[in-house]
Amino acid sequence: MLPFYLLAFAATIQAHNQLLPGSCNFESDTCGYTSDADFTSWTLHKDGRFVAVDAVMSDDQAGEIGAETGPQRAITGVLLSPALQQDEWSCLRLVYQISGSGSLEVLQRTEGKSFDKPLWNSQAVSDSWVISSMDLQNNTEPYRVVVEGKPGGSAGSSVAVFEIHISSGHCLECDFEESHLCGYSNQWNANVNWYVGGGQLLHNNIPKDHTYNNKTGHLMYVDSVYAKTFKEVAKLVSPMTTVPMSGCLSFQYQRSERRGNLFSVYTRDQLGQYQELWRADTEILSDWSGTLEEWIPVQVDLKAPYSVQVVFEVSFNSPRGGRVAVDDISFSPEFCSTDTEPTFDPSVASCDFESGFCRYTQDQGILSSWRRVSVKPNIFRNGDHTTGAGYFLLAHSRLSPRSGYVSRLIGPTLPGNMKYCLRFYYSLRGFSQTDQALAVYLQQQQQSSSQEKVWTQGEKSRGLWITTDVTFQTSQPAKVVFVSTCRSFWDCGSVALDDISVRLGDCELTAGLLASSLPGHCDFEAGLCGYTQDKQSDDADWEWRRGSTPTSYTGPRGDHTTGLGYYLYVEASPMLPGESVRLLSRPLRASRGPQCLRFYYHMYGSGTGQLGIHLRKDGKDALLWQLSGEQSIAWLRATVEYQSDGQHQIVFEATRGSSVRSDIAIDDIILEGGPCPEMEIKATVGTSNEIE
């Protein structure tokens with residue numbers, strides 16, 4: 001193991017990097033951190049200098065857990081910091097250990113908001129303490145740091161926190177003067193590795209550090225002396241960024257024997273994919289054996305719209321490949337050059353077609369084109385995906401006098417040398433479904449005739465809105481083109497398109513941005529997200545399901561999130577008319593301003609009963625929203641604005657109607673601070689399948 005891993009963490013903090021309020025090493029007390037009384041208490045272990053929450057509790061703590069409400073809740077300890085206010089960007093470093101099994105999450109709590117902002121989480125079990133870093137963005141409002149530990153159910157499981165360090169600046173910044181090395185780590189290699197240089201280590205030929213310009217300051221260096229094979233590689237890896245960042249990354253380096261090594265800096269995302277930021281010039285030479293030990297400054301633009309690590313990589317081709325040293329890594333939110341293009345905003349390529357075509361265009365002069373249409377809520381034809389009563393695009397909805405034509409929808413230009421995630425919803429319509437109903441191409445800006453197919457329609461589910469994620473990368477600026485082909489009346493791929501969105505990064509990375517990863521959001525893809533059945537007054541249960549419901553002519557054929565995922569619904573068959581089922585949210589904190597609840601509901605069936613939303617506070621329910629009777633074969637969006645000055649719960653109540661054709665479903669619940677951005681579209685219920 002490397003020498004710097006053996007250094008004790010509790011080093012003397014240098015004067016140039018003072019710790020900010022909210023920092024604590026838990027040596028003699030908890031520095032104002034307190035346990036949330038509604039959860040299991042964290043215990044201060046004075047001998048070991050840490051706080052922990054354990055799976056096996058003492059008798060008095062076991063009684064405390066028993067007092068918790070809800071069905072057999074897992075052990076959860078919530079540690080709250082004192083109120084903090086830091087106007088400048090700062091970095092929180094957490095030293096922790098998860099033993100046996102369990103999870104640890106850090107959140108940011110702002111007064112007057114019902115939901116905490118997630119900063120970081122981990123379920124990784126380790127044999128010793130681990131360091132994680134998270135950036136705290138500029139915040140003008142007072143806030144608290146929330147540390148939520150959940151030990152696993154196995155005996156001996158525990159979650160422990162040894163130290164919390166909050167310091168000014170970004171988490172990527174480091175001068176390597178402290179023993180924790182700002183969370184930077186060496187990726188172990190059998191022969192060549194990064195080491196800490198300077199300080200008390202007796203390496204006479206190690207240069208002076210850059211921070212203090214003396215032999216007692218610290219730096220990171222890698223030496224080729226133990227290289228045994230061709231192209232031995234050493235990697236110094238930064239902590240993973242936790243918030244979108246863009247700006248100027250600066251560092252100092254020294255390098256000897258330029259012909260014997262390659263020195264590069266990369267970003268590495270959570271999928272392990274590398275992108276080069278900078279490479280050292282082969283002409284630069286610094287001779288460490290001389291009297292002049294010159295540090296060379298480097299500035300490179302960094303654009304990280306999603307989580308990345310910065311990797312300093314040195315490769316040697318022989319034991320005489322020399323050495324490389326790095327020191328004083330810093331970051332500025334301003335780009336290194338004023339000529340640098342700002343980070344591209346991919347939302348310019350997103351469109352829900354509610355207000356028009358956005359930045360999408362069509363080929364001029366083609367008879368058959370994509371038409372923007374809407375469908376009134378009805379029991380025969382599906383509406384749009386956005387609200388159920390809004391607008392979407394439809395290709396080949398009119399018969400053309402000539403056979404064999406193509407409808408092309410062309411998006412705005414996307415810059416090259418970037419990776420994108422394209423998400424859209426499509427629905428197959430018409431008499432037949434062909435493989436050419438919908439395809440997606442990339443059209444190079446330089447060569448409009450050059451097209452690359454990146455996706456073709458495979459799912460045959462007719463009438464459902466199905467989501468698709470497409471990851472693509474292009475070296476040149478390019479446009480996304482949606483193409484639908486129609487050969488003849490009997491071989492025509494009529495298709496609908498809605499809710500196009502484009503994000504930066506691989507779709508596997510941006511999946512973390514989906515609804516259920518955010519507090520107050522639930523798409524039911526991974527369970528109930530903390531929602532519980534009301535066992536006291538229920539006549540049945542809400543059921544978790546995918547696909548269509550068992551009873552014909554009622555209920556959805558698929559969920560709203562993806563078309564192929566999960567939703568909650570009430571099965572009317574075993575219930576009597578007038579019986580109801582209730583679903584309860586977890587307890588929500590009071591909020592200063594209005595709150596906004598948005599969700600999708602499905603009420604299709606001739607005997608459909610009633611769906612209501614209630615606010616439960618102090619044991620009493622107040623009606624917020626209610627709808628009765630058959631509404632549409634489509635998923636419709638509801639928007640409810642409310643305010644509560646005390647702890648409360650949201651209750652979804654479905655009541656069975658007159659017949660078994662009374663299945664009611666809900667999906668994609670979003671609870672967030674209000675006011676609601678747009679009020680509910682009042683849909684007029686009709687029975688026509690007319691396209692307006």
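Does C336 count as buried, partly exposed or exposed, and at what relative accessibility? I looked it up: C336 counts as partly exposed, at 28% relative accessibility. For my own reference, buried means under 20% relative accessible area, exposed means over 50%, and partly exposed is in between, with a 1.4 Å probe and protein chains only.

Before going on, a note on what I am working with. This is a predicted model, where local features need pLDDT of at least 70, side-chain atom pairs count only at pLDDT 80 or more, and totals for chains, interfaces and linings use all residues. Residues are numbered from 1 along each chain as its sequence is written, and side-chain values use heavy atoms, with hydrogens and water left out.

**Entry 1: disulfides**

I took a disulfide to be a pair of cysteine sulfur atoms within 2.5 Å. The count by this rule is eight disulfides.

I began with the partner of C336. C248 and C336 form a disulfide, with their sulfur atoms 2.1 Å apart. C248 lies in strand β15 (residues 245-255) and C336 in the loop between β20 and β21 (361-362), so this pair ties together parts that are 88 residues apart in sequence. Strands here are DSSP runs (E, at least two residues), numbered from the N terminus. The torsion about the S-S bond of C248 and C336 is about 100°, so I noted the disulfide as right-handed. C248 is buried, at a relative accessible area of 5%.

Next I checked C596, which a disulfide joins to C676 (S to S 2.1 Å). The pair links distant parts of the chain, with C596 in strand β37 and C676 in the segment after β42, 80 residues apart. Its S-S torsion is about 110°, so the link of C596 and C676 is right-handed. C596 is buried at 1% relative accessible area, and C676 counts as buried at 9%.

I also looked at C24 and C31, which form a disulfide with sulfur atoms 2.0 Å apart. That link is right-handed, with 70° about the S-S bond. C24 is buried, with a relative accessible area of 3%, while C31 counts as partly exposed at 32%.

**Entry 2: salt bridges**

How many salt bridges are there? I used the rule of a side-chain nitrogen of Lys or Arg within 4 Å of a carboxyl oxygen of Asp or Glu, and the count comes to 16.

R582 lies in strand β36 (residues 580-584) and D534 in the loop between β33 (532-533) and β34 (543-546), so the two tie together parts that are 48 residues apart in sequence. Both R582 and D534 are buried.

D534 also forms a salt bridge with R616, the closest N and O atoms being 3.5 Å apart. R616 lies in strand β38 (residues 610-617), so this pair with D534 ties together parts that are 82 residues apart in sequence. I wrote D534 down as buried at 5% relative accessibility. D534, R582, R616, D621 and E653 are linked in a network of salt bridges.

Then I turned to R598 and E672, whose side chains meet in a salt bridge (2.6 Å, N to O). R598 is in strand β37 (residues 595-603) and E672 in strand β42 (residues 664-673), so the pair ties together parts that are 74 residues apart in sequence. R598 is buried at 18% relative accessible area, whereas E672 counts as partly exposed at 25%.

**Entry 3: a sheet and a loop**

Which order do the strands of the open five-stranded sheet follow? I read it as β12-β13-β20-β15-β18, with antiparallel pairing. The edge strands are β12 (194-198) and β18 (296-304), each pairing on one side only. Two strands pair if DSSP finds at least two bridges between them. Four bridges join strand β13 (residues 218-223) to β20, and D223 has R323 in β20 as its bridge partner.

Last, I looked up S318, which sits in the loop between β19 (308-316) and β20 (323-332). S318 is buried, with a relative accessible area of 17%. Leaving aside its neighbours within four places in sequence, S318 is in contact (heavy atoms within 4.5 Å) with S224 and A227.
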